[in-house]
Amino acid sequence: MTQIVSFETLERPSTPNTYLVLPSTLSSTAEADEKSPVFGEPAAALFKRVQMLVADQDNWEVVKTDEENMQLAVVAKTKLLKFKDDIAIRAFASDDGSQTSELAVLSRSRVGKYDFKANQKRVQSLLSQLKRNTAATA
């Protein structure tokens, strides 16, 4: 999956080794595990913060960037066995014209049927770090 993901037409695999966060306003073919928090900043500013945060993560590598659509494709290596997991992140502007934004994030293990919640922990850690560095409004 180390490619830019279309969150609107996303089809999740049948194995439970993914974790998906979607904006509340995004219409998608996939069911989210969690709704995105609303960040009190424009999508472009949130995307820049995501880029900086991802660059600071140990064992994470940005493999594709789509600046126009504010989206990243990232490969994360697990600490112990160095398995490669794929992460897709996209910033979305709020539909109401306000200066707020949300994220779509998909973390997926490449190998194995079960991930022992590694993808969920990774995504929630990313969101938590972003919320700590700015005021999330929801």
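This report describes the sheet, a helix and selected residues of one predicted protein model.

Residues are numbered from 1 along each chain as its sequence is written, and side-chain values use heavy atoms, with hydrogens and water left out. Since the model is predicted, local features need pLDDT of at least 70 and side-chain atom pairs count only at pLDDT 80 or more, whereas totals for chains, interfaces and linings use all residues.

## The sheet

Helices (H or I, at least four residues) and strands (E, at least two) are DSSP runs, numbered from the N terminus. Two strands pair if DSSP finds at least two bridges between them. In this model, 6 strands form an open sheet with mixed pairing, in the order S2-S1-S6-S5-S4-S3. Strand S2 (34-35) and S3 stand at the edges with a single partner strand each, so one side of each has no neighbour in the sheet. Strands of a sheet pair through backbone hydrogen bonds, either parallel or antiparallel.

| Strand pair | Direction | Bridges |
|---|---|---|
| S3 and S4 | antiparallel | 6 bridges |
| S4 and S5 | antiparallel | 7 bridges |
| S5 and S6 | antiparallel | 9 bridges |

Individual bridge partners can be followed across these strands. Glu61 has Val75 in S4 as its bridge partner, and Val75 in turn stands opposite Asp86 in S5. Asp86 is then partnered by Arg108 in S6. Further partners in S5 are Ile87, which pairs with Val74, and Lys84, which pairs with Lys77.

In S4, 6 of the 7 residues are buried, so the strand is largely enclosed by the rest of the structure. S5 is mostly covered as well, with 8 of its 10 residues buried.

## Loops and positive phi angles

Met70 lies in the loop between strand S3 (60-66) and S4. The hairpin of S3 and S4 has 4 residues between the strands. Although Met70 is not a glycine, its phi is positive, at about 55°. Met70 is buried, as its relative accessible area is 19%.

The hairpin of S4 and S5 has 6 residues between the strands, and Lys82 takes a positive phi near 60° there. Leu80 also belongs to the loop between strand S4 (71-77) and strand S5 (84-93). Is Leu80 buried or exposed? With 75% relative accessibility, Leu80 counts as exposed.

Leu80 is part of a nonpolar surface patch of about 440 Å², together with Leu81, Phe83 and Val111. Patches are made of residues with over 30% relative accessible area and no salt bridge, joining like charges within 9 Å and nonpolar side chains (Val, Leu, Ile, Met, Phe, Trp, Tyr) within 5 Å. A salt bridge is a side-chain nitrogen of Lys or Arg within 4 Å of a carboxyl oxygen of Asp or Glu. Accessible areas come from the Shrake-Rupley method with a 1.4 Å probe, and for residues only the protein chains shown count as cover.

Lys117 is not a glycine either, yet has a positive phi of about 70°. Lys117 is located in the loop between strand S6 (101-109) and helix H2 (118-132).

Among the buried residues of H1 are Leu46, Phe47, Val50 and Leu53. The buried residues of H1 pack against S3, S4, S5, S6 and H2, where contact means heavy atoms within 4.5 Å.

Val105 is found in strand S6 and is buried, with a relative accessible area of 1%. Which residues does Val105 contact, leaving aside its neighbours within four places in sequence? They are Phe7, Tyr19, Leu20, Val21, Ile87, Ala88, Ile89, Val123 and Leu126. The C-alpha atoms of Val105 and Glu61 are separated by 15 Å, the two residues being 44 residues apart along the chain.

Note on methods. Buried means under 20% relative accessible area, exposed over 50%, partly exposed in between (1.4 Å probe, protein chains only).
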